[in-house]
Each structure stands twice: as C-alpha cells, then as structure tokens.
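Trainee: I should like to learn how one reads a protein structure step by step. May we work through one together?

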Amino acid sequence: MVAHIAATLLTAFIVYTAVPGSSLFSWHPTLMTIAFVLLMFEAIVVFSRESSLFQSRTHATKSEIHAWVMGVAATCASCGFASIYINKDLNQRSHFTTWHGFIGVLTLSYVLLQMTGGVLLKYSGILQSLNIHIRRVDMKLYHATSGLVLFTAISVTLILAFWSDWFVSHTNVYTWYACFMALTCISMIVMQQITTAYLPQSRQPRINFNNAPARKNKKQK
C-alpha cells in the first residue's frame, strides 16, 4: 500500500501545483503525471500478489484491467504531449531542445510501441496469420522485459522534469526531495514486480535419481 499512497500523493501534488486549466501548459504536467505516475503504475502492479488492488480477480480479468488502464494512460500522455507542443508553437519556441523534451518524446514513442506489443500478445492470432510463430510464454517475457525498460525511461524523464525551471520554481528543497523519494519508491516496486514475476530466475540443480546406484533387494533364505 505504500507504493499506492506514494503514487497518489505525487500525482496529487503535481496536479495541485500545475493548476490544470490555468494555462495550456498546465495540462502538460497534469496529464503526463496522471498517465505515467498513477495509471501506468497501477496497470503494472495489477498483477502483483502483494500490491494489486484486484488480488481476488482472475488473471484474465487482470489482463483486461491492465489493457484498459494502459489505453487510458497512453491517451492522457498523448494529450499531454499535444498541449506542450502546441504551447511552444504558440510562443514560437523550439521543440526538444532539452534532455527532458528529447527523452520524453522517445519515451512516448516507446509507449505506443509497447502498446502495439500488448495488442499482439492479447491477439496472438494476428502473428500466426502472418506466418510468424512465437510462443506465447516468450511473448509475455518480451512484453514484460520491454515494460521494465519503458518504466525506466519514464522514471528518467520524470527526474529530468524535476530539474526543469517550472518544477524547481514551484517547489522547495523539502517538497523536491519528497517527490524524488516517492518516484524512487514507485520505480523500485515496478522493478521488483516485473523481475520476480516474469524475468527468468536461476534454478537450483535438480538431483537425477535415475543415475543413483540401484539397490539390490536380497531375499534371505
């Protein structure tokens, strides 16, 4: 529950600070935070045995929740990107001139690519119709590993946003570090969830009893 609280508080703080609707720019931090910090985080941990809010649901139901929440998150992120892009056009400012902007647009592109992979995983018959044969268990592994890379990119983008002039001017040293620690907590939970649930783990060697010396049963006369 700590991670859920951290994600909710971080989202609430940034939305409160941005004051959505006060300007066109205000929708950028608002929608991006809702998309990446709140929705995508919840969409990932829905499969967690410890952190999921839907532990009693079946895996199929969790997959449906994951897909719909990720779809809403991608929509919010796209609208957040559109708001900052249009805002810069109106103010005649160049695009992607900072590390935050450059990595941010790459991350958003990766989100769309990851969603495409999710659709192909859900509807694996599409690949089979194209004569592409990949085991479903392998597709799940690829999707989960790619998701870990994606959330790492999201975390980097958010950290760079914390160093932006807008964020620094609206926070003090205490709130800045509180936001940083909340993001760190969220990222660690996501990393732990994916690595323990999907990525291959080392297995202890099994004892082959077939090679053990056979015991001879002697009958006493």
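Predicted model: local features only at pLDDT ≥ 70, side-chain atom pairs only at ≥ 80, totals over all residues.

Trainee: Is His28 buried or exposed?
Mentor: His28 lies in helix 2, which covers residues 27-45. A residue counts as buried when its relative accessible area is under 20%. The value for His28 is 15%, so His28 is buried.

Trainee: Which residues does His28 touch, not counting residues up to four places away in sequence?
Mentor: Contact requires heavy atoms within 4.5 Å. With residues up to four places away left out, the residues touched by His28 are Gly80, Phe81, Ser83, Ile84 and His100.

Trainee: How far apart are the end C-alpha atoms of helix 3?
Mentor: Helix 3 runs over residues 59-90 and has 32 residues. At 1.5 Å a residue, helix 3 should span 46 Å.

Trainee: Which helices do the buried residues of helix 1 pack against?
Mentor: The buried residues of helix 1 include Ala3, Leu10 and Ile14. The buried residues of helix 1 pack against helix 2, helix 6, helix 7 and helix 8.

Trainee: Are helix 2 and helix 8 roughly parallel or roughly antiparallel to each other?
Mentor: Their axes are 10 Å apart, and the packing angle is about 25°. Angles under 35 degrees count as roughly parallel. Helix 2 and helix 8 are therefore roughly parallel.

Trainee: Which residues of helix 8 make the contact with helix 2?
Mentor: Helix 2 contributes Val37, Phe41, Ile44 and Val45. By class, the contact has eight nonpolar, one polar and no charged residues. The residues from helix 8 are Ile186, Ile189, Val190, Gln193 and Ile194.

Terms used: Residues numbered from 1 in each chain as written. Heavy atoms only, no water. Helix = DSSP H or I, 4+ residues; strand = E, 2+ residues; numbered from the N terminus. Buried < 20%, exposed > 50% of the residue type's maximum accessible area, 1.4 Å probe, protein only. Expected span 1.5 Å × (residues − 1). Axes fitted to C-alpha atoms, helices over the stretch in contact; angles between N-to-C directions. Parallel < 35°, antiparallel > 145°, perpendicular 65-115°, else oblique. Nonpolar A, V, L, I, M, F, W, Y, C, P; charged D, E, K, R; others polar.
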